[in-house]
Amino acid sequence: MDVRKRNRVSVTGRKDGPVVVLAHGFGCDQNLWRLVVPELEKHFRVVLFDHVGAGGSDVSAWSPERYSTLDGYVQDVIELCQELGLGPVTFVGHSVSSMIGVLAVVQEPGLFDKLVLLTPSPSYIDDGDYRGGFSEQDIDELLDSLDSNYLGWSATVAPVIMGNPDRPELGEELTNSFCRMDPEIARVFARVTFLSDNRADLSKVSVPTLVAESARDTLAPREVGAFVHRQIPGSELVTLDSTGHCPQLSAPQETAEAIIAFVQGS
């Protein structure tokens, strides 16, 4: 399998700069990074890709066996970094890709220089003192709704995830991105996203890590960002003055500046 074709890999920016790999979240593709890429390209070599089943990836490479857990996506990231051979990279994971990045770093730390977790959540379900933001019943109802009517679910849920009701074009963009995904693939990926619990993996991260949370995020409340920060040894926490779960769209300049400052820091 040609990894570059499988994941529609593109490489832009400065050939002599540090390498930054941008990984999108559920229902999205690399296009959602377009507002931060121009700033990042001034400083870094930027690698963009689509998870299998998203965007312009090779959908024939998708199977429920490989992608019914995060492990399939983790192996893809490891293979991508090995194939490109660009040396240790900074991996920037948005939403569920933040945990894909955590697991990849734990498995192959030598491939990674730094890790940026953008609006991460290791578990969406409340558990004792841990507040993920949702009860088990909430998540069950969300997944049942997705199963029964994926397009209708997307039109309802995507604007809530995006936030920014005063900027409806952002919610529309995320809705359209969700709707472009094959419903069967989306059903499997949604379960992986909302039912995974990676809290125990955070303490195993051994590279410098930035946790970048959104100040107002219905999907990953600030308690989650604080938890991730506490669990990853030596990590930094920055709260972006942004609304919603996708600050690379709602606050691209601030998001880009946070990434640049962290990667260029000692």
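Student: Which residues of α6 are buried?
Tutor: In this predicted model, the buried residues of α6 are Ile139, Leu142, Leu143 and Leu146.

Student: How do they fall, seen down the axis of the helix?
Tutor: They fall within an arc of 90°, so the buried residues line one face of α6.

Student: And which residues are exposed on the other side?
Tutor: Gln137 and Ser148 are exposed there.

Student: What do the buried residues of α6 pack against?
Tutor: They pack against two helices, α7 (150-162) and α9 (183-195).

Student: How many residues does α6 have, and what distance does it reach?
Tutor: Helix α6 covers residues 136-148, which is 13 residues. From its first C-alpha to its last it reaches 18 Å, close to the 18 Å expected at 1.5 Å a residue.

Student: Staying with α9 for a moment, where does alanine 186 lie?
Tutor: Alanine 186 lies in helix α9.

Student: Buried or exposed?
Tutor: Alanine 186 has a relative accessibility of 0%, so it counts as buried.

Student: What does alanine 186 touch, beyond residues up to four places away in sequence?
Tutor: It touches Phe26, Tyr150 and Met181. Alanine 186 and tyrosine 150 are 36 residues apart in sequence, and their C-alpha atoms are 8.3 Å apart in space.

Student: Now the sheet. What is the order of its strands?
Tutor: The order is β1-β3-β2-β4-β5-β6-β7, in an open sheet of 7 strands with mixed pairing. At the edges are β1 and β7 (236-243), each of which pairs on one side only. Neighbouring strands are turned by 20° against each other on average, direction ignored.

Student: Which helix packs on the sheet, touching β2, β4 and β5?
Tutor: That is helix α5, residues 96-107. The direction of α5 makes about 155° with that of β5 (112-118).

Student: How do β1 and β3 run, parallel or antiparallel?
Tutor: Strands β1 (residues 10-13) and β3 (residues 45-48) run antiparallel and are joined by 4 bridges. In this pair, glycine 13 stands opposite arginine 45 in β3.

Student: And β2 with β3, parallel or antiparallel?
Tutor: Strand β2 (residues 19-23) runs parallel to β3, and 4 bridges join the two. Here it is valine 19 that stands opposite arginine 45.

Student: How many bridges join β2 to β4?
Tutor: There are 4 bridges between β2 and β4 (residues 89-94), and these strands run parallel. Valine 20 stands opposite threonine 90 in β4.

Student: Where do side chains point in a regular strand?
Tutor: In a regular strand they alternate between the two faces of the sheet.

Student: Further along the sheet, where is serine 214 found?
Tutor: Serine 214 is found in strand β6, which spans residues 209-216.

Student: Why does serine 214 count as buried?
Tutor: Its relative accessibility is 1%, and buried means under 20%.

Student: Which backbone oxygen lies 2.9 Å from a polar atom of its side chain?
Tutor: It is the backbone oxygen of glycine 244. Leaving aside neighbours within four places in sequence, serine 214 is also in contact with other residues, including Thr119, Arg222, Thr239 and Leu240.

Student: Changing topic: where is serine 57 found?
Tutor: Serine 57 is found in the loop between β3 and α3 (64-67). At 8% relative accessibility, serine 57 counts as buried.

Student: What lies 2.9 Å from a polar atom of its side chain?
Tutor: The backbone nitrogen of glycine 53 does. Not counting residues up to four places away in sequence, serine 57 touches Arg6, Asn7, Arg8, Asp50, His51 and Val52.

Student: What is the phi of arginine 8?
Tutor: Phi of arginine 8 is near 45°, a positive value in a residue other than glycine. Arginine 8 is found in the loop between α1 (3-6) and β1, and it is partly exposed, with a relative accessible area of 36%.

Student: And what about the phi of asparagine 164?
Tutor: Asparagine 164 is not a glycine, yet it has a positive phi of about 55°. Asparagine 164 is found in the loop between α7 and α8 (168-179) and counts as buried, at 8% relative accessibility.

Terms used. Residues numbered from 1 in each chain as written. Predicted model: local features only at pLDDT ≥ 70, side-chain atom pairs only at ≥ 80, totals over all residues. Heavy atoms only, no water. Buried < 20%, exposed > 50% of the residue type's maximum accessible area, 1.4 Å probe, protein only. Polar contact = N/O pair within 3.5 Å; in protein donor to acceptor, adjacent residues only side chain to side chain. Contact = heavy atoms within 4.5 Å. Pairing = 2+ DSSP bridges. Expected span 1.5 Å × (residues − 1). Arc of directions from axis to C-beta. Axes fitted to C-alpha atoms, helices over the stretch in contact; angles between N-to-C directions.
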